Amino acid sequence: DMALASHLAFWTGCDVDRIERLMRRSGLAREKWNEHRKYLRGLTIAHACATTANVYQDPQQPAALPVVERPRIRNGADLDRQEFAPTTWIIRDVLPAGITLLSGDPKAGKSFLSLQFAFSIATGCPLWNGRSPEKQGRALYLALEDTDRRMKKRLSGVKMDRGLFNVDMGKFDYATDWPRGEAGVEEIRSYLTANPDCRLVIIDTIAAWRNQDTARLSAYQADYQVGEMLKPLGREFDIALLLVHHNRKQASDDATQKISGTNGLLGSVDGALILEKPTRGAEHSSLVITGRDIDHPGELAIARTATGFWSCLGKAEEVARSAESQAVLDALRSLGGMGSLRDIQMSLEEAVKIGTLKTRLSRMVKRGEIFRNSHDDYSLPSSTPQKLPEPPSIIIDPKGDITNLMLTFPEMRPEDFE
């Protein structure tokens, strides 16, 4: 009896109920087990389990190898024959389809600009004055650092800014909490599947959404993981995914180097919008637009409105050129309409290096905004005697009929021939 109980204890993992059931079903069952109530279970089986040191363990099954799809190799000749549609703009000339970073200085107005993007798509109204309406679609705004109260206040502000108090907000969806990492990606996929008219998803901010457990990853890998998780959504759906982030404090002439974190973050996305606060002497901020599918990166000059939202002043280069030219014109007016290079430099409100100013003045001369005389003085057009162009060579009739000449050259006067 003890031998059988010990044998079964090994195979059943010392499961008393199973050992008793198997022993009673075996051909070795005896009446003694029923006559003595404690003999089988209380003595024999209990002693067998107590003295069994090792029990049977299921052998570990080898882990199944992951199914890896074989890479698809394409041919250059086939690629030459293909035709691709132009870049899809979700917000025309500002936000293309794909994954885009919106990075800005702290308190620069990133969330206001993001909400303005979502509002313009959900309502089909212009992003800002001077634009035609945007193509309408559903927008999902993940305001992960905001509350319902703050969202309502900001939406009221953007309605006031646009003058659309009774606009239908049925296509504007938002959430103030969302799963992180891969779980969050699957929730976005479910939302997009259920709402095929969605054109824009905004995650504000990356820090409140990205995976927290990145201890085993390098800083570059952790940053690259952000865009890598979202890439399948960008390929599966024709939408823009806007990720709100912040700039580092360190200054740089390259706007993309101002994005906080490693280069892995920018490398994992399709493009970036970099929002910069006004520089010294400027009254506007700048929005740099760059990306892999943007043929001509640009920079816009934008300014905050009374409600905190944004208006566009034009291309940053043109606005800056206009402001610089205006400063020179004001300086010349303060000098009586004419002055030397040094005089103009001393009259400018903002300090400008002499070489920079000389280049600026040369460009203004070429554009005809100011004149330069033989003494290297610069003057306003109204302060410069207008010199007539060299007259053409003409043959005068022996009769000297000036009237006929004036009919041929109506802009000339008789005294021009003296």
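Among contacts in the chain between residues at least 6 apart in sequence, what percentage join residues at least 24 apart? In this predicted model, the share is 60%.

Begin with the whole chain in view. The secondary structure comprises 14 helices and 14 strands. Of the 418 residues in the chain, 39% are buried.

Next, select the cysteines. The structure contains zero disulfides. Cys14 accordingly takes part in none: the nearest cysteine sulfur belongs to Cys49 and lies 4.3 Å away, whereas a disulfide requires the two sulfur atoms to be within 2.5 Å. Move on to Cys125, which is buried, with a relative accessible area of 6%.

Now select residues 338-340, 371-372 and 377-379, which are strands E12, E13 and E14. These three strands form an open sheet in the order E12-E14-E13, with antiparallel pairing. Strands E12 and E13 stand at the edges; each has a single partner strand, so one side of each is left without a neighbour in the sheet.

Finally, zoom in on the pairing of E12 with E14. Three bridges join these two antiparallel strands. Which residue in E14 does Met338 stand opposite? Select Ser379 to see the residue of E14 that faces Met338 across the pairing.

How values were computed. Residues are numbered from 1 along each chain as its sequence is written. This is a predicted model: local features need pLDDT of at least 70, side-chain atom pairs count only at pLDDT 80 or more; totals for chains, interfaces and linings use all residues. Side-chain values use heavy atoms; hydrogens and water are left out. Helices (H or I, at least four residues) and strands (E, at least two) are DSSP runs, numbered from the N terminus. Buried means under 20% relative accessible area, exposed over 50%, partly exposed in between (1.4 Å probe, protein chains only). Contact means heavy atoms within 4.5 Å. Two strands pair if DSSP finds at least two bridges between them.
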